[in-house]
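Subject: Structure handover

Hi,

Here is the structure I promised to pass on.

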Amino acid sequence: MKIKLFVFILFIVGAAVGFYIMKSHSDNNPKDFPVPFSHYVHTSLHKIKCVNCHRGVLTQERAGIPDIKYCGMCHSTLMNPKSKRERIIYNLVKENKPIKWMVHYHIPDYVMFSHRRHVKLGKLPCTDCHVDMTKQDSPELKGFTQIMMPKCFNCHQEKDITIDCNNCHH
Ligand code: HEC
Ligand code: HEC
Ligand code: HEC
Ligand code: HEC
Ligand code: HEC
């Protein structure tokens, strides 16, 4: 009996340690964001445009992530008092508490990339390079497949854009 209990405790401790290790290896921890932001709710249900929140896409290199003040443009009043999730963001806005979103898409600093160039001048849709975010109901925990050189290269070749190394590399 005692041995069984001991084995059981070992199992629980082992599982807890395993879970802890797994968590620290995944790069987006739900504890860091007090409310799961839903692209689906904002872009599919309420038709808010990507550029409204990612304000750099037409003018800058970086798309940018909206800060808590920007969420307050809409969430300083309760639109749907029944929604628990909306009340959380409403309270965060009132306390002006920043949220630590984890961003996965990243290319190294030695590569030049500009959203303005591709979205404004190239007129490319976001889905040419990113997954369809309009279906995401909460931030991705494990990360998305990165955009690697062959992807840049193939499209440039297809569209007859220069593939000179110095074009993308410093
Ligand atoms: C209401 C504001 C808002 C709108 C509208 C919005 N986003 Fe976002 N976006 C965010 C926030 C907040 C994050 C960070 C949290 C997350 O990853 O979900 C983010 C993250 C992202 C990321 C980075 C994900 C990562 O982990 O690297 C991409 C790509 C993205 N959005 C694309 C889009 C596209 C495409 C649209 C339009 C279809 C869009 N967003 C519309 C607020 C918005
Ligand atoms: C342009 C207006 C606008 C902006 C900016 C905006 N939202 Fe919203 N948000 C809405 C609307 C409209 C709803 C739908 C109301 C509802 O049903 O709760 C909503 C709903 C939500 C909900 C509850 C929906 C759910 O169940 O998931 C959360 C949480 C939320 N927003 C978080 C954010 C965060 C975080 C930001 C800033 C990064 C943000 N919003 C920026 C318009 C906006
Ligand atoms: C031609 C490919 C391409 C297209 C088209 C594109 N992106 Fe990106 N996006 C990238 C790359 C590459 C990164 C990583 C940039 C870096 O690390 O400097 C990125 C990063 C992001 C991020 C992370 C935050 C940031 O500021 O870097 C967001 C958000 C984002 N893109 C939104 C969008 C939206 C919204 C659209 C459409 C309006 C879009 N992207 C169109 C390639 C693209
Ligand atoms: C889906 C197609 C597509 C993908 C993927 C793509 N590009 Fe482009 N790229 C274009 C187009 C189209 C242009 C020309 C835009 C214009 O009209 O100025 C361009 C232009 C550029 C330029 C400027 C070229 C010049 O003439 O000076 C750079 C630098 C660049 N891209 C880097 C990248 C990098 C780095 C990546 C990958 C992270 C990438 N691109 C992925 C289509 C793409
Ligand atoms: C259209 C844009 C583009 C062009 C043109 C381009 N690269 Fe890249 N390159 C990238 C991006 C984005 C990365 C980072 C992502 C990756 O490692 O695939 C990269 C990464 C690299 C790396 C590092 C790979 C690694 O595993 O760390 C090398 C080496 C490299 N490129 C060499 C070249 C050479 C040589 C040329 C010319 C024949 C060239 N690149 C042309 C976009 C480009």
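A word on classes before anything else: Ala, Val, Leu, Ile, Met, Phe, Trp, Tyr, Cys and Pro count as nonpolar, Asp, Glu, Lys and Arg as charged, and the others, Gly among them, as polar. Sorted that way, the shell around ligand 3 comes out as 14 nonpolar, 6 polar and 1 charged residues. Please keep in mind that this is a predicted model.

Staying with ligand 3, 21 residues surround it, and the closest are G64, H115, C126, C129 and H130. Helix 6 (residues 115–121) provides the largest share of that shell, 3 residues. There are polar contacts to look at too. H115 has a side-chain N or O atom 2.9 Å from a nitrogen atom of ligand 3. On the oxygen side of the ligand, a polar backbone atom of I107 sits 2.9 Å from an oxygen atom of ligand 3, while for H106 an N or O atom in the side chain is 3.4 Å from an oxygen atom of ligand 3.

Next, ligand 5. Its surroundings amount to 13 residues, with Y110, M149, C165, C168 and H169 the closest. By class, the shell around ligand 5 has 10 nonpolar, 2 polar and 1 charged. Helix 7 (149–158) and helix 8 (165–168) each put at least two residues into this shell, and helix 7 gives the most, with 4 residues. M149 uses its backbone here: one of its N or O atoms there lies 2.9 Å from an oxygen atom of ligand 5. H169 works through its side chain, with a polar atom 2.8 Å from a nitrogen atom of ligand 5.

Now for ligand 4 and its iron. Which residues are the protein donors of the iron atom of ligand 4? They are H118 and H156, each through NE2, lying 2.0 Å from the iron. The site has 6 donor atoms and is octahedral, with angles of 88 to 179 degrees among them. For reference, ideal angles for six octahedral donors are 90 or 180 degrees.

H118 lies in helix 6 and H156 in helix 7, so the two histidines tie together parts that are 38 residues apart in sequence. Are they buried or exposed? H156 is buried, because its relative accessible area is 14% and buried means under 20%. H118 is partly exposed, with a relative accessible area of 22%.

That's what I have for now.

Cheers

Notes
Residues are numbered from 1 along each chain as its sequence is written. Chains are lettered from A and ligands numbered from 1 in the order in which they are written. This is a predicted model: local features need pLDDT of at least 70, side-chain atom pairs count only at pLDDT 80 or more; totals for chains, interfaces and linings use all residues. Side-chain values use heavy atoms; hydrogens and water are left out. A residue is near a molecule or strand if one of its heavy atoms lies within 4 Å of it. A polar contact is a pair of N or O atoms within 3.5 Å; within protein, one must be able to donate a hydrogen and the other to accept it, and residues adjacent in sequence count only if both atoms are side-chain atoms. Donors are N, O and S atoms within 2.8 Å of the metal (3.2 Å for Na, K and Ca); water is not among the atoms, so sites may look incomplete. Four donors count as tetrahedral if all angles lie between 85 and 135 degrees; four count as square planar and six as octahedral if opposite donors are over 155 degrees apart and all others between 65 and 115; anything else is irregular. Buried means under 20% relative accessible area, exposed over 50%, partly exposed in between (1.4 Å probe, protein chains only).
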